[in-house]
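The following exercises are to be worked with the sequence and the model at hand. Each task is followed by a stepwise solution.

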Amino acid sequence: MELWMKKLTEQIVNIVGTDKAVHYETVILPNITMDFYGMLKESQAGHMVSEEYIMEDNSMKIVLTGLCDRKGKCTVTGAKVI
């Protein structure tokens, strides 16, 4: 697991608790990550991309930022819960 994902998961655990965090790790975060990497792939090389994902129950927002280089390598540069 990448460092940004570990830190994001820790933030989620602090908000929803360990039991609910399992659902986020196995269902919600993979879908968010897949969507965000798709956005990065479609972005202009070197252009910073940021997206907010609001949970259906309005319990939190997950904000991801990242960029894709000229070779097509996409990197998440930031992840936080607000």
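**Exercise 1.** Is Met60 buried or exposed?

*Solution.* The model is predicted, so local features need pLDDT of at least 70 and side-chain atom pairs count only at pLDDT 80 or more, while totals for chains, interfaces and linings use all residues. Residues are numbered from 1 along each chain as its sequence is written, and side-chain values use heavy atoms, with hydrogens and water left out.

Step 1. Met60 has a relative accessible area of 3% and is therefore buried (under 20% relative accessible area; exposed is over 50%, partly exposed in between; 1.4 Å probe, protein chains only).

Step 2. Met60 belongs to the loop joining strand 1 (49-54) and strand 2 (61-68); helices (H or I, at least four residues) and strands (E, at least two) are DSSP runs numbered from the N terminus.

Step 3. Leaving aside residues up to four places away in sequence, Met60 touches Ile12, Ile15, Val16, Tyr24, Tyr53, Ile54, Met55, Val81 and Ile82 (contact: heavy atoms within 4.5 Å).

Step 4. Ile12 lies 48 residues from Met60 in sequence, yet their C-alpha atoms are 8.7 Å apart.

**Exercise 2.** Describe how helix 1 and helix 2 pack.

*Solution.* Step 1. Helix 1 (residues 3-16) and helix 2 (residues 18-42) meet at an angle of about 135°, and their axes are 10 Å apart. Axes are lines fitted to C-alpha atoms, for helices over the stretch in contact, and angles run from 0 to 180 degrees between N-to-C directions.

Step 2. Helix 1 and helix 2 are therefore oblique to each other (under 35 degrees is roughly parallel, over 145 roughly antiparallel, 65 to 115 roughly perpendicular, the rest oblique).

Step 3. Helix 1 contributes Trp4, Met5, Leu8, Thr9, Ile12, Val13 and Val16 to the contact, and helix 2 contributes residues including Ala21, Tyr24, Leu29 and Tyr37.

**Exercise 3.** How many disulfides does the whole structure contain?

*Solution.* Step 1. A search finds zero disulfides (a pair of cysteine sulfur atoms within 2.5 Å).

Step 2. Cys68 is buried at 4% relative accessible area, and Cys74 is buried at 14%.

**Exercise 4.** Where does Asp35 lie, and how does its accessibility class it?

*Solution.* Step 1. Asp35 is part of helix 2.

Step 2. Its relative accessibility is 39%, so Asp35 counts as partly exposed.

Step 3. Glu51 is 16 residues from Asp35 along the chain, and their C-alpha atoms are separated by 9.9 Å.

Methods: pLDDT is the predictor's confidence in each residue, from 0 to 100.
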